[in-house]
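Subject: Structure for your review

Dear colleague,

Please find below the structure that I am handing over to you.

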Amino acid sequence: MMLPSEQGALTGVILTTSLATFITGFLFGVYTSRGYLISPALSDERLHNLRDPVESDESDIDEDESLLDHAPNWANGEQADRKQGLRVESKKDKPPPPPTLGGNEECKLVLVVRTDLGMTKGKIAAQCSHATLACFKTLARAAPDSPLGKILARWEQRGQAKIALQVKSQDEMLDLRRKARAAGLVAEVIQDAGRTQIDAGSMTVLGVGPAPKSAVDKVTGHLKLL
């Protein structure tokens, strides 16, 4: 049995040892974190990593690749549209005048989708979005008081009606575009960049309008819903 004096001495030794261990560990951690206790080579590597962090997977994107490959920019012209796949060809000939907007007739946008490409629902949705933007941009460039500007305003004010229809070939789609433009309608074909699912350059969706419903139906009224 230990005497009280011996117990007090043992407790003092334990407390002193614990305190010394704590202080030593703390100082070791501080010196190690500051690089004092590692080799010069490892210290240089650590400093390099702090200044030049490892790049993420997103950094593999080509620096020369424009953001226009991923998101439309309303301020850009036909060259940017072509890069985005929002236009297939330039309009060299003066287009015929747009259909007359009269009375309270509804304006609508028709999205004609090719079903022979085997696109998934998500792919179709993305391509229809591109077609909608392409047609909107064409009308948005017109003066607000012009025929196209008035058509766009009515379409925006009355619900922005959009109808998805289908065709089974590229030839049928291009024939529809020719007929639509001959009637003075905005008609834009989307040409895919080929990043997913289908080959680059594939024509996926034709946007017709927005335009008065009667004028659009003369071109696409015979097509089936998607």
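The notes that follow concern salt bridges and then one tryptophan.

This is a predicted model, in which local features need pLDDT of at least 70 and side-chain atom pairs count only at pLDDT 80 or more, while totals for chains, interfaces and linings use all residues. Residues are numbered from 1 along each chain as its sequence is written, and side-chain values use heavy atoms, with hydrogens and water left out.

Salt bridges

Side chains of opposite charge can pair when their charged atoms come close. A salt bridge is counted here when a side-chain nitrogen of Lys or Arg lies within 4 Å of a carboxyl oxygen of Asp or Glu. By this rule there are 7 salt bridges.

One of them joins aspartate 192 to lysine 123, with 3.0 Å between the closest N and O atoms. This pair links distant parts of the chain, 69 residues apart: aspartate 192 sits in the loop between strand E3 (187–191) and strand E4 (203–212), and lysine 123 belongs to helix H4 (residues 121–140). Helices (H or I, at least four residues) and strands (E, at least two) are DSSP runs, numbered from the N terminus. Aspartate 192 counts as buried because its relative accessibility is 8%, and lysine 123 counts as buried because its value is 10%. The terms are set as follows: buried means under 20% relative accessible area, exposed means over 50%, and partly exposed lies in between (1.4 Å probe, protein chains only).

Another salt bridge brings together the side chains of arginine 181 and glutamate 188, at 3.7 Å from N to O. Both arginine 181 and glutamate 188 are buried.

Within helix H7 (residues 213–220), lysine 213 and aspartate 217 are 4 residues apart, about one turn of the helix. Their salt bridge has its closest N and O atoms 3.0 Å apart. Aspartate 217 is partly exposed at 27%, and lysine 213 is also partly exposed, at 35%. These two residues and Lys108 are linked in a network of salt bridges.

Tryptophan 155

Tryptophan 155 lies in helix H5 (residues 147–157) and is buried, because its relative accessible area is 3%. Apart from neighbours within four places in sequence, its contacts (heavy atoms within 4.5 Å) include Lys108, Phe136 and Pro210. Proline 210 is 55 residues away from tryptophan 155 along the chain, yet their C-alpha atoms are separated by 6.7 Å.

Yours sincerely
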